[in-house]
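Subject: Structure handover

Hello,

Here is the structure you asked about, with the sequence. My notes on it follow below.

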Amino acid sequence: MNNRREYFDALAEEWDKMFTAEDLEILSFLIESFDIKAHDKIVDLGCGTGVLFDLLRRRVGPEGLVVGVDLSAEMVKKARKNFPFKNVWAIDADAEMLPLKSELFDVAVSFAAFAHFTCQESVMVEASRILKKGGKFHIIHLLSSKELDTYHLKAGGPVADDHISSLERMKEIFSQGNFVDVSIIDHPGLYLAIGTKG
Ligand SMILES: C[S@@+](CC[C@H](N)C(=O)[O-])C[C@H]1O[C@@H](n2cnc3c(N)ncnc32)[C@H](O)[C@@H]1O
């Protein structure tokens with residue numbers, strides 16, 4: 001039994017109501033700032049119901065590919081229903097053991113999910129494995145690491161202790177995945193960590 005899976009399964013039906021127009025505006029601005037090209041293949045780790053899919057799909061165009069991965073089968077079911085496009089796939093799987101080919105993707109993103117990964121080191125190694133050399137992994141939360149701690153504590157249940165590690169530890173975790181040029185922004189309203197596969 002995976003408590004975290006059950007926790008997110010139970011939230012899936014109402015999940016899309018979580019997002020405000022302001023959240024979507026910030027996400028749109030962030031995605032625009034990433035180096036995503038037409039034809040790129042993008043993986044979204046912990047994709048939920050696919051809140052990023054439309055933004056990503058528009059960047060990669062009809063020849064590109066968006067693959068979302070989520071542990072919660074109910075989130076994946078919703079993502080598939082929300083985005084029935086032939087170049088948008090949602091897969092029910094654990095980001096710590098991705099059923100995806102090595103060096104397939106140009107870009108990886110993880111929005112509002114990295115703090116929830118039980119073994120963040122494994123996810124980092126897996127993200128690196130499936131990225132092409134030079135591919136970037138973007139970890140996004142629309143709260144600072146400190147704000148996330150408070151938010152998860154208040155949410156309680158299996159996510160009460162979910163967190164983002166210190167800046168030094170995150171840099172170590174990135175380097176375990178052979179990521180270089182790591183940049184981390186951690187301020188109220190935004191946590192954004194980006195590494196490039198070396
Ligand atoms: C807070 S939600 C964010 C979902 C989506 N990115 C969004 O912002 O709407 C966190 C998601 O991470 C997923 N998740 C947690 N652990 C995971 C894992 N090990 N592998 C894949 N997904 C996971 C959960 O099922 C959940 O859908």
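Predicted model: local features only at pLDDT ≥ 70, side-chain atom pairs only at ≥ 80, totals over all residues.

Ligand shell. There are 19 residues around the ligand, and those that come nearest are F8, G46, G48, S72 and A95. By type, the shell divides into 11 nonpolar, 4 polar and 4 charged residues. Two elements that each supply at least two residues of this shell are helix α1 (3-11) and strand β2 (65-70).

F53. This residue sits in helix α3, which covers residues 53-60. Is F53 buried or exposed? The cut-off for buried is 20 or more other C-beta atoms within 10 Å. F53 has 23 such atoms within 10 Å, so F53 counts as buried. If neighbours within four places in sequence are left aside, the contacts of F53 are V66, G68, A79, F83 and V88. V43 is 10 residues away from F53 in sequence, and the C-alpha atoms of the two are 9.8 Å apart in space.

Strand β4 (residues 105-111) runs parallel to strand β5 (residues 131-141), and the two pair over 6 bridges. Within this pairing, V107 has K136 in β5 as its bridge partner. Together with α5, strands β4 and β5 form a right-handed β-α-β unit. Strand β5 also pairs with β7, here in the antiparallel sense and over 6 bridges. For I140, the bridge partner in β7 is L192.

Helix α7. Which residues of helix α7 (residues 167-176) are buried? They are M170, I173 and F174. These three lie on the same side of α7, because they cover an arc of only 100° around the axis. E168 and R169, on the other side of α7, are exposed. What do the buried residues of α7 pack against? Their packing partners are α5 (120-130), β6 (179-187) and β7 (190-197). Two of these elements have come up above: α5 belongs to the β-α-β unit, and β7 pairs with β5. Just after α7 comes N178, which takes a positive phi of about 65°.

Regards

How values were computed:
Residues numbered from 1 in each chain as written. Buried ≥ 20, exposed ≤ 12 C-beta atoms within 10 Å, placed from the backbone. Helix = DSSP H or I, 4+ residues; strand = E, 2+ residues; numbered from the N terminus. Arc of directions from axis to C-beta. Contact = placed C-beta atoms within 7 Å. Near = placed C-beta within 6 Å. Nonpolar A, V, L, I, M, F, W, Y, C, P; charged D, E, K, R; others polar. Pairing = 2+ DSSP bridges. Right-handed = clockwise from strand over helix to strand, strands pointing away.
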